[in-house]
Each structure stands twice: as structure tokens, then as C-alpha cells.
Amino acid sequence: MLRVIGKRIALLIPTLVGLSILLFLWVRSLPGGPATALLGDKATPEAVDRINEAYGFNKPIIEQYFTYIGKMLSGDFGTSLQTNRPVLEEFATRFPATVELTVVALVFAIGIGIPLGYWAATHVNKWQDNLSVVLSLFGVVIPVFFLAFIFKWLFAIKLPIFPTDGRQNPRIDATHVTDFYVLDGILTAEWDAAWDAFMHLVLPGIALGTIPLAIIVRITRASVLEVQNADFVRTAKAKGLTPRLIRNRFVLRNAMLPVSTTIGLQTGLLISGAVLTETVFAFNGIGRFLRDAIFNLDYPVLQGFIIFIAILYSLINLLVDVSYGFIDPRVRVQ
């Protein structure tokens, strides 16, 4: 298993190098060059020259690239043009909010998706199966931002059950230790703050988790149907094993391999795709900050976000590969 982990980490290096080259070339292929992109279309030649001199854009292209790589390896992803703060510092401030939102969305998607997919597979071609398929199709085709608006209008405005926006009621005097607001409330025993932060996560979390939920339902259903017809399941039934034992030891465990892959991929998509959800609910996470960076042409933030998501995707894929060994003993043997 350690050998597998080492190979996956080694494969991460050429991936990030290739991505860094693409990002480097992208910034320098902007109309008018990176200096004009930073200053705007009305920049004077003198101002462009000053930026080129300050950022080293007038140096040879190879020297610029190695300088760029050196800064990234030292944790310097540039300075945000919106806030004039380091990009890494901005991400560190907003990342806990997006993680909380992603966790709620994943718990919602996995907690409902796997049981619903299994329920559909055990009632194949019946009304239960047809209902789950129709619901999963709705989850895929309805845009996340539309669901977010519907949830906000129905459950926060018409029926004021949940808060309309933000991460926490500003009138609550909460102590923030880790910037994970729910966890902070639990650690400091400020139960009202923890509950309020959780209530702020419910609507955006459900809206964000609808597409992963639909995909997990479909993948679980297909995987369980395939495993149910396998020879080892028929043998277990012939030996008289209980349905519960067959379900837990033979069906679900073997059906989880493609499901775990799907969950890993959806986790990365949730983090990178939280832009619309965080915008609708004014949720101060990475997604909303990225939205502002796109509108303000904040290229250092966009570069840092792409590198950040690439690293995150690679680490999630590594965790998925490691999980195979715990789910399927044959993978450990191989």
C-alpha cells in the first residue's frame, strides 16, 4: 500500500508541472500582455513598463518561468488585486467555509444516495425503481443555482425556517478558533453559535449536494444490480446465508468500488463548483471569492485557485485509491 501511495504522489509532480506551464503561458498570452491585464485597457505605456519591471515580465521567458515556479514552491501565489493580500492567505481564510459546505453536501448526497440506489436495485423495474430514476434525473437536469433560489425563496423567505444568507448570525458573539464555525461552537461549548452555523449550512448544502446525490443513486443502483447477479452472490444464497449477511458482506461491499470513485470525483467538483451556491446564499467561501475574482480580472487569484484545485483533486484521488485496499482485499494482495 505504501508503494502505491508513493507512485501516486510521484505522478502528481508531472501533472502539476504541466499545469504550471499551461497557467504560465495563459497569463502571458493575455491581450496586451499580463501588465495590460493587470492595469486595464487604458494603461499608459509608462505604467506598463513599470509593471513589467516590477514583476519581471521583461526578462527572458525561461527565467520568468523558473522564478514563477520558485515563488509557488515557497508558497507565494501572488497578491490579490481585489484585497491586496496574499492569495494563499485569502484561501486560508475562506477555505474552512467551503469545506463545511462541502461536508454537508456530501453527507446529504451519500446518506440518501447509497440507500436510495440500493433500494432501487432491490426493486428493479418496479415503481420504487422508476421513482428513484425519475428523481435522480431531476437532480441532474435542474441547475444548482435554480434550486438554490427555489430553496431560499421557499424555506428562508416564505417559510422562514432557515437563514437567508451568510455563515452565521452577526449578532451572535461567537468565538472562532479554527474558522470552522460549527466545530468552533462545539469546541467552545457555545451551542447556540454551533446550531446557528449549522442552520446556515443546510439550504446551500442541500442545493449543492443534489447533483452528487443523483449521480450516486444511479451509480449505486447499477453497481448493486451487477453484483447481485454475480456467481458468488448466488452461491451465498444457495448456502442459506441470511439476506442481511449477503447484503452487507457480499453485495454492498463489492458494489462500493465504483461508488467510492464517484464520491471522490464529486468531492473535487463540489469544492470547485460551489461558486453559484455561495453566490446565491452570500456564503463567504472560496467559491464566492472566485466569482469576484472573475468579474474583477484578478488573475493571481484565478491562477492560485486552479493550482489549488489540481492539488486537491490529486489528493482526493489518492485517498480513493487507498480506500480500494480497505474495501476490496484483492487490491491489497495485488
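Modeller: A crossing counts as left-handed if the near helix is turned anticlockwise from the far one by less than a right angle, and right-handed if clockwise. By that rule, α5 and α6 cross left-handed. Bear in mind that this is a predicted model, where local features need pLDDT of at least 70 and side-chain atom pairs count only at 80 or more, while totals for chains, interfaces and linings use all residues. Numbering starts from 1 along each chain as its sequence is written, and side-chain values use heavy atoms, without hydrogens or water.

Helices here are DSSP runs (H or I, at least four residues), numbered from the N terminus. α5 covers residues 87-122 and α6 residues 127-141, and their axes sit 7 Å apart at about 140 degrees. Axes are lines fitted to C-alpha atoms over the stretch in contact, with angles from 0 to 180 degrees between N-to-C directions.

On the α5 side, Leu116, Trp119 and Ala120 meet Trp127, Gln128, Asp129 and Ser132 of α6; contact means heavy atoms within 4.5 Å. Those residues split into four nonpolar, two polar and one charged. Nonpolar takes in Ala, Val, Leu, Ile, Met, Phe, Trp, Tyr, Cys and Pro, charged is Asp, Glu, Lys and Arg, and the others, Gly among them, are polar.

Among the contact residues are Phe151 and Phe155 of α7 and Leu203 and Ile206 of α9.

Note on methods
Helices (H or I, at least four residues) and strands (E, at least two) are DSSP runs, numbered from the N terminus.
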